[in-house]
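Here is a friendly walk through a few local features of this protein model. Keep the structure open beside you as you read.

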Amino acid sequence: MKGTFLVTYDYLEELNACSAGLEAFKEEYPNGAEYQQILDACCDKGHTDWAIWLLNQIGPTNDVRECIKAVSNTSLEIVFAGKLVFKAAASVKRLVAGRGIKAGRGIKAGEGIEAGEGIEAGEGIEAGWGIEAGWGIEAGRGIKAGEGIEAGEGIEAGAEFGIFAGLKVKLSFWSREARVIAKTKPENLISGHWEEK
C-alpha cells in the first residue's frame, strides 16, 4: 500500500473515529484526502494522537521518506506510515514510523521513538520517553530512554557504549516503566529492568 491511499469520511466513520476528528476531517477534506497527507496535517495541527490512531487503524505503507539534511526541531512531531531515512541526524519531539527508522548519525526525540520495524542509527539513539521497535534497535554508540526500551528482536549499542532505560523513572515504578524487552538481554545493559520477550 502507498501513502496516496484515499481516506474518506465514510471510511473514518467505519473505523469508529472520534466525533471531533470526524468533524475536523469533514471540514478540511470534504472529498477525502491521501493517507499520508492526513497524518502530516494531524501532526502540523497538534493532533499527533489522531495521526497515531489512524496509523494503528490503517497500518504501514511501502513509502520511503528521505531527509538529506539534519533535522533539528524540538517541537516537531513526525508520524510517517512508511520508512524514514535521515542521511544525517534527527532531533525532534516525537518520531513514529509505520515501518523502520534509519539515521546516518543520531536519533533524538524529546518524547518517544517508535517504529513498526527496526530503528538504526550510526551514532546514538535517545528518547525522553520510550523507544519501541517491531524488530531490532541498533546504535553505533549508546542508547538512552527516559522510560522503557522494547524490541521484537535484539537491542544493540556500539562496542564500549551502554544501554540506559528508566532515566526518568522513580524506583517505585522501575519494574513497570523502566522495562527493557527483547529476545536476548543486551550485552551492555547498564540501566533498566530486563524482561525476555
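Glu77 has its place in strand S4 (residues 71–80); strands here are DSSP runs of E with at least two residues, helices are runs of H or I with at least four, and both are numbered from the N terminus. Please bear in mind that this is a predicted model: local features need pLDDT of at least 70, side-chain atom pairs count only at pLDDT 80 or more, and totals for chains, interfaces and linings use all residues. Residues are numbered from 1 along each chain as its sequence is written, and side-chain values use heavy atoms, with hydrogens and water left out.

A salt bridge needs a side-chain nitrogen of Lys or Arg within 4 Å of a carboxyl oxygen of Asp or Glu.

The side chain of Glu77 does make a polar contact with the side chain of Thr48, at 3.0 Å. A polar contact is a pair of N or O atoms within 3.5 Å; within protein, one must be able to donate a hydrogen and the other to accept it, and residues adjacent in sequence count only if both atoms are side-chain atoms. Leaving aside neighbours within four places in sequence, Glu77 is in contact (heavy atoms within 4.5 Å) with Cys43, Thr48, Lys93, Arg94 and Glu111.

## Helix H3

Cys43 is one of the buried residues of H3, along with Tyr35, Gln36, Ile38, Leu39, Ala41 and Cys42. Helix H3 (residues 35–44) is mostly covered, with seven of its 10 residues buried. Their cover includes S1, helix H2 (19–28), strand S2 (33–34), helix H4 (48–58), strand S3 (64–67) and S4. After H3 comes Gly46, whose phi is positive, near 80°.

## Salt bridges

By the rule above, the count comes to 10 salt bridges. Three of them are set out here.

| Pair | Closest N to O |
|---|---|
| Asp63 and Lys2 | 3.1 Å |
| Glu195 and Arg179 | 3.4 Å |

Glu195 in strand S20 (residues 193–196) and Arg179 in strand S18 (residues 179–182) link distant parts of the chain, 16 residues apart.

Asp63 forms its salt bridge with Lys2. Asp63 lies in the loop between H4 and S3 and Lys2 in the segment before S1, so the pair ties together parts that are 61 residues apart in sequence. Asp63 is buried at 15% relative accessible area, whereas Lys2 counts as partly exposed at 46%. Lys2 also touches Thr61, not counting residues up to four places away in sequence.

## Aromatic pairs

The structure holds two aromatic pairs. Rings of Phe, Tyr and Trp (its six-membered ring) pair if their centres lie within 6.5 Å; planes under 30 degrees apart count as stacked, over 60 as edge-to-face and the rest as tilted. Phe5 and Tyr11 have ring centres 5.8 Å apart and planes at 75°, so this pair is edge-to-face. Phe25 and Tyr29 have centres 5.5 Å apart and planes at 50°, so their pair is tilted. Both Phe25 and Tyr29 are buried.

Key:
Buried < 20%, exposed > 50% of the residue type's maximum accessible area, 1.4 Å probe, protein only.
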